[in-house]
Amino acid sequence: MTKPKVATVWLEACAGCHMSFLDIDERIVDLLDKVDIVYSPVVDPKEIPQVDVGVIEGALGNEEELHLAKVMRENCKILIAWGDCAVFGGINCMRNFMSVDEVLKEGYVNTPSTVNPKGVIPGQDLPALLPKAIPVDYAVKVDVHVPGCPPDADTILYVFSEILEGRMPKVPVDMMRYD
Ligand code: SF4
């Protein structure tokens with residue numbers, strides 16, 4: 001049987017969800033016998049290929065992230081939102097109480113650690129911010145929601161196990177942990 005192909009992306013996020021994935025430790029060896037991770041921060045292709053399972057870590061906060069979410073939806077048979085940022089927007093939504101201009105000024109001028117005496121705010125070199133940071137399913141259909149900050153390693157492994165058994169995963173309540 002052909003191994004299912006998996007793509008994972010890290011959008012507006014801290015990478016903690018991918019770190020939690022690596023926390024499955026030696027069990028990753030068994031998992032890699034059963035799936036091929038063909039696109040991910042831990043491998044190096046440049047284009048998101050057609051895959052069986054796609055995983056999005058992170059909210060959508062700019063045009064590039066929105067574009068990548070749409071590409072993932074088009075290219076992935078099953079799309080998973082992985083972690084609170086992807087499922088709910090997470091900490092990224094703290095900026096939703098400000099305008100885009102205020103967010104940029106806060107980030108590039110006002111923060112105490114910033115040295116920017118001319119108050120230069122990057123323009124066209126950066127993807128434009130969306131008016132608000134949003135969860136993935138505000139933009140594209142998501143098949144599986146895996147909350148947690150981050151979801152723990154056992155939960156991530158459970159989701160893959162269910163898919164490999166041919167079931168659409170539903171994370172049990174007792175696996176939704178926030179510690
Ligand atoms: S859900 Fe938590 S661990 Fe995952 S990317 Fe967001 S802040 Fe980081």
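# Cavity, pockets and ligand shell

Reader: Which strand and which helix each supply at least two residues of the lining of the largest cavity?
Author: The model is predicted, so local features need pLDDT of at least 70 and side-chain atom pairs pLDDT 80 or more, while totals for chains, interfaces and linings use all residues. Numbering runs from 1 along each chain as its sequence is written, and side-chain values use heavy atoms, without hydrogens or water. Helices (H or I, at least four residues) and strands (E, at least two) are DSSP runs numbered from the N terminus. Two elements each give at least two residues to the lining of the largest cavity: strand E5 (76-82) and helix H6 (153-164).

Reader: Which element gives the most to the lining of the largest cavity?
Author: The lining consists of Val55, Ile80, Trp82, Val146, Ile156, Val159 and Phe160. Three of these residues come from the leading contributor, H6.

Reader: How many cavities of 30 Å³ or more are there, and how much space lies in the largest cavity?
Author: On a 1 Å grid over the protein atoms alone, a cavity is a set of points where a 1.4 Å probe fits but cannot get out; a pocket is an open set with protein on both sides within 12 Å along at least five of seven lines, and lining residues have an atom within 4 Å of a point. Points join across faces, edges and corners, and volume is the space filled by probe spheres set on them. The space in the largest cavity is about 40 Å³.

Reader: Which pocket is the space taken by the ligand?
Author: A molecule sits in a pocket if more than half of its atoms lie within 2 Å of the grid points. About 180 Å³ of space lies in the second largest pocket. Of its 14 lining residues, Cys14, Cys17, Cys85, Ile91 and Cys149 lie nearest its centre. The ligand takes the space of the second largest pocket.

Reader: Which elements give two or more residues to the shell around the ligand?
Author: The shell (a heavy atom within 4 Å of the ligand) includes Ala13, Cys14, Cys17, Glu57, Asp84, Cys85 and Cys149. H1 and H4 also each supply at least two residues of the lining of the second largest pocket. The elements asked for are helix H1 (16-22) and helix H4 (84-88).
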